[in-house]
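Today I'm looking up pockets and salt bridges.

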Amino acid sequence: MFECHEFLLRARLDAASLEAWIEAGWLAPRGTGPERAFSELDLARAALIRDLREAMGVNDEGVGVVLDLLDQLHGLRH
């Protein structure tokens with residue numbers, strides 16, 4: 001598990017983007033406020049979001065759709 005500062009460094013994110021992604025439901029850290037903790041899965045998800053937005057040009061609505069579909073697929077596999 002990573003604390004917020006370490007997660008921001010590893011994910012190459014700024015705090016405002018992280019807050020927006022959490023508010024959008026794209027990331028779901030454990031805990032609240034300064035006690036939030038992020039997992040390796042959160043780190044991989046942040047990398048995917050960054051790739052979708054920056055490398056592929058997917059807009060915010062599209063990112064939400066992609067993440068929702070991936071979550072459904074993951075749920076079906078279990």
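This is a predicted model: local features need pLDDT of at least 70, side-chain atom pairs count only at pLDDT 80 or more; totals for chains, interfaces and linings use all residues.

How much space lies in the largest pocket? I get about 330 Å³, where a volume is the space filled by probe spheres set on grid points joined across faces, edges and corners. A pocket here is an open set of points on a 1 Å grid over the protein atoms alone, where a 1.4 Å probe fits, with protein on both sides within 12 Å along at least five of seven lines; lining residues have an atom within 4 Å of a point.

Residues count from 1 along each chain as its sequence is written, and side-chain values use heavy atoms, without hydrogens or water.

Next I checked the salt bridges (a side-chain nitrogen of Lys or Arg within 4 Å of a carboxyl oxygen of Asp or Glu). The structure has five.

I looked at Arg-36 with Glu-19: their closest N and O atoms are 2.5 Å apart. Arg-36 is buried at 13% relative accessibility, while Glu-19 is partly exposed at 36%. My cut-offs: buried is under 20% relative accessible area, exposed over 50%, partly exposed in between (1.4 Å probe, protein chains only).

Then I found Arg-30 and Asp-42 paired at 2.8 Å, N to O. Arg-30 is partly exposed at 37%, and Asp-42 is buried at 6%.

Last, I noted a salt bridge between Arg-45 and Asp-71, at 2.8 Å from N to O. Asp-71 is partly exposed, at 38%.
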